[in-house]
Amino acid sequence: MIAIYCRQSVDKKDSISIGQQEAACKRLTGTEENCLVFSDKGFTGANTHRPGFEKMMREIKKGRIAKVIVYKVDRISRSLLDFVGIYSLFEKYQVEFVSCSEQFDTSTAMGKATLQIIMVFAELERNMIQKRVKDNFYDRAKKGLYLAGVAPFGYCKVPITVDGIHTHCLAPDQEHPEKLSSVRWMYESCLLHKSLGQIARELNVQGMMTNRSKPFTSVSVSRILRNTVYVRADADVYHYLKEKGAVIQQPVEDFTGVYGCTVYGTRKQKTTQKFTDLHGENVQLNHHEGLISSADWLAVQHELDQHKPVSNSGKGRNTWLTGLTKCRFCGRGVTVVNGQRNGKRYLNCGGRKEHLCPGRSHPMTFDEIEEAVKNDLLQTLRSFAFTPAVHPRVVTAEENHLKIRLIRNREEIEKLMEKLADAGKTLMTYIRERIQQLDAENKEISAELNRQSDEQPTEDVGQLRKRLMDWDELAFDEKKRIAQAFLSSVIVGDGEIEVVYQ
């Protein structure tokens, strides 16, 4: 049986279609009988993960194919290493290999050498294509053009022409205004210290779906809150991204607090989540306006940066007092017994297993402990002197201009400091004078910025206290964070509970 294999990765005007390849191969055989056609459209030749190709290889291993015909050698593979393995299998099963375009006889040494030379150039061409694609990708990114993929949640793609190139840019999705409202609500909820899981659950209850038509998770919420496309990037954002290790393509003067930006680059050999570690990544301002003020976006970033797992809690899903409850008699930790009896959560003292605890005459449950601690905690919170928190505010254009000057001066000082090591005596004098001048200017700028930020709106302490009082409506993770923040330990005795505060 003769097998014809055809592959076309991209449907372009100058590419040979699947049908044209098949017709050329059949002309070579002189007959259309006893021919099995295997084809893969939209698959690269860089690897062998192609359904049509894999099916043909299975038929070869069954001994049903005696000859394989292709239009060109690179149709079967563009990798020299892969092709050596493929051709070795052909020889093992005594399968003849024929190319319509490249005439060679693989039964001779010269024919085999010619085939290997052809494969070397096929692999070279593949590498050149990859480089062109990569260069084009980075060129588009530097122009602020939309790169690829599904638009971020709350945005849609709209046609735009930049430097004569017909492409797309992002714009707020006006057809689905509820998405725009949801994005703003996510940022507001994070600033109110709601957990990512709680935000995701509330979005799912509302029936909201991601742009990929999937339910929200804490990961998808985190990606939206971290994404730079939503921020109206200004000098503060520039400084934050720079500190994160990003390579920023535009000068700080372009960060006027209007446009969002894109993070792009290779993430190979990286285990960190996207947007959390930007070393080696590029940042480019786009043509779309951001949705979130820089102050709110940065406040959310700092909030997320501080999120850490609760220590000594294991899974910690049985009680929000995980890691805090201690036994009065032996000092060991008290945990929830695995499983429930009669719908109640009983105590498990770590000292009893080692015969260090005499036990209790009055059995208690974690439900009783949680209720007692909750009442004591809420009573304390009613009289707790909360320090008013500074609420993020919109940075004015004047403030942003001052911050741009501040960053520019600092960058110039850094460059001048690098030149000091190789400078002569005269040049060193000029460099030091310039550094002193820039430093003096920065002190004046900082003083002006401090003056403008003296009166900042603060978070309503009453609203914060009211929210904490509404304990039963809080998410499990939020209760755990509050307990960890205020409590040092909960001492459990024989029917007695002592709450120790930080």
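Here is a short walk through the aromatic rings of this structure. The model is predicted, so local features need pLDDT of at least 70 and side-chain atom pairs count only at pLDDT 80 or more, while totals for chains, interfaces and linings use all residues. Residues are numbered from 1 along each chain as its sequence is written, and side-chain values use heavy atoms, with hydrogens and water left out.

A search of the whole structure turns up seven aromatic pairs (rings of Phe, Tyr and Trp, the last by its six-membered ring, pair if their centres lie within 6.5 Å; planes under 30 degrees apart are stacked, over 60 edge-to-face, and the rest tilted).

Let's start with Tyr-5 and Phe-53: their planes sit at 75 degrees and their centres 5.8 Å apart, so this pair is edge-to-face. It links distant parts of the chain, with Tyr-5 in strand S1 (residues 2–8) and Phe-53 in helix H2 (residues 51–61), 48 residues apart (helices, H or I of at least four residues, and strands, E of at least two, are DSSP runs numbered from the N terminus). Tyr-5 is buried at 0% relative accessible area, and Phe-53 is buried too, at 4% (buried is under 20%, exposed over 50%, partly exposed in between, using a 1.4 Å probe and protein chains only). Phe-53 has another neighbour: Arg-50 lies over its face, 4.8 Å from the ring centre (CZ of Arg or NZ of Lys must be within 6 Å of the centre and within 35 degrees of the ring normal).

Next come Phe-153, buried at 5%, and Phe-216, buried at 4%. They form an edge-to-face pair, 5.3 Å centre to centre with 90 degrees between the planes.

Finally, look for Tyr-155, Tyr-187 and Tyr-230, which form one aromatic cluster.
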